[in-house]
Amino acid sequence: MSCQDWPEPIVRVQSLSESGSTDIPDRYVKPPAERPVLPNSRINGDDEKINIPIINLAGLDGGDENARREILGQISAACREWGFFQVVNHGVRHELMDDARENWRQFFHSPMEVKQAYGNSPKTYEGYGSRLGVEKGAILDWSDYYFLHYRPCSLKDFNKWPATPASCREVIDEYCKELVRLSGRLMKVLSINLGISEDRLQNAFGGDNIGACLRVNFYPKCPQPDLTLGLSSHSDPGGLTLLLPDHQVTGLQVRKGDNWITVKPAKHAFIVNIGDQIQVLSNANYKSVEHRVAVNSANERVSLAFFYNPKSDIPIEPVKELVTEESPSLYPPMTFDEYRLFIRTRGPKGKSQVESMKSPR
């Protein structure tokens, strides 16, 4: 793949970070209204105590019905009030989580010629990248990333996955397999909490024929973190996102009303959030939520975002059981392929993407 498919020459943010410059290029400076309020520069630190819910899944599949009901209730409240929550005791081995993150950290610290061999293009985004959207002259985010497909199997191509470090492909494969399993468990919970049959959302996604992909984000140190963002405000276009954060370095910020809350990751937790496709299927009973990433001058940060998506060519619309005279369908049918193309041409735009899909009243 060639970098020439992008509208401008690609600049690796990691190279800018390592150049020693004390100023970031103008291309990365956000308009004042979009700049982050960094946690350490806050005058009123009250929201330092606020965090997205942390939910223990240990009793979800056990025999204790009361414990199960309690967990279902916690997830229901988190979906409606936040659109985000953290899960612990989720069944994924902690060693695998740590191995996955560290393998990717090693990849991003590989020599540039090793990484450039996987340089991506806007056609599929698969591989090593440094920008989203193809708008010429767009203000860019302070991050590099690696994007790869895991499902359907026809798109899974080991040759497009890093061969460095040596265990990387094997670890990624096992990690993604575990996250497909965990996502399936959570989809059942969301269905039950919506009052529909437990396999309803999964079937709307295509049953076993779902889509799944991984985007690994690398946020290098930034000399002027108050002027830029690692990832601009957006809601996730897909179904369900499971994020493995860098538990030692904060950065993810979630919109709650008019405020941005900096998420404090629990160790070996996954951060789960609702994507636009679940908002559509649930007829906006569950809403995807804007989030963004702040960077800092002292530490780099690595995070792994696993996206669990509908099969790309199935029309997605509100499930019939949730459409009534009082709650008419809010969205016309659109396939995930069509929606993804719509997003990619525009780049991150807060919540405007999914809101613009609403059926005219």
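How many bridges join strand β8 to strand β11, and which way do the two run? I looked this up first: β8 (residues 252-256) and β11 (residues 291-293) run antiparallel, joined by three bridges. Within that pairing I found V254 opposite H291.

Ground rules, noted before going on. This is a predicted model, where local features need pLDDT of at least 70, side-chain atom pairs count only at pLDDT 80 or more, and totals for chains, interfaces and linings use all residues. Residues are numbered from 1 along each chain as its sequence is written, and side-chain values use heavy atoms, with hydrogens and water left out.

**Entry: the four-stranded sheet**

I traced β8 and β11 into an open sheet of four strands, ordered β6-β11-β8-β9 and paired antiparallel. At the edges I have β6 (231-234) and β9 (259-262); each has a single partner strand, so one side of each lacks a neighbour in the sheet. From one strand to the next, the twist averages 25°. My terms here: strands are DSSP runs of E of at least two residues, helices are runs of H or I of at least four, both numbered from the N terminus. Two strands count as paired if DSSP finds at least two bridges between them. Angles run from 0 to 180 degrees between N-to-C directions, with axes as lines fitted to C-alpha atoms, for helices over the stretch in contact.

**Entry: the eight-stranded sheet**

Next I followed an open sheet of eight strands, in the order β1-β2-β10-β7-β12-β5-β4-β3, with mixed pairing. Its edge strands are β1 and β3 (127-129), each pairing on one side only. Here too I noted an average twist of 25° from one strand to the next.

**Entry: strand β2**

On one side, β2 pairs in the parallel sense with β1 (residues 54-56) over three bridges, and N56 has V88 as its bridge partner. The chain gets from β1 to β2 through helix α2 (residues 65-81), in a right-handed β-α-β crossover; right-handed means that, with the strands pointing away from the viewer, the path from the first strand over the helix to the second runs clockwise.

β2 also pairs with β10 (residues 270-274), in the antiparallel sense over four bridges. There I find V87 opposite F270, and F84 with N273 as its bridge partner. Helix α2 packs on the sheet, touching β1, β2 and β10, and its direction makes about 160° with that of β1; contact means heavy atoms within 4.5 Å.

**Entry: two loop residues**

I placed G275 in the loop between β10 and α7 (276-281). G275 counts as buried because its relative accessibility is 0%. Leaving aside neighbours within four places in sequence, G275 contacts D236, G238, G239 and S288.

N296 sits in the loop between β11 and β12 (301-309). Its side chain reaches the backbone nitrogen of A298 at 2.9 Å and that of N299 at 2.6 Å. Not counting residues up to four places away in sequence, N296 touches several others, including P220, K221 and C222.

Notes:
A polar contact is a pair of N or O atoms within 3.5 Å; within protein, one must be able to donate a hydrogen and the other to accept it, and residues adjacent in sequence count only if both atoms are side-chain atoms. Buried means under 20% relative accessible area, exposed over 50%, partly exposed in between (1.4 Å probe, protein chains only).
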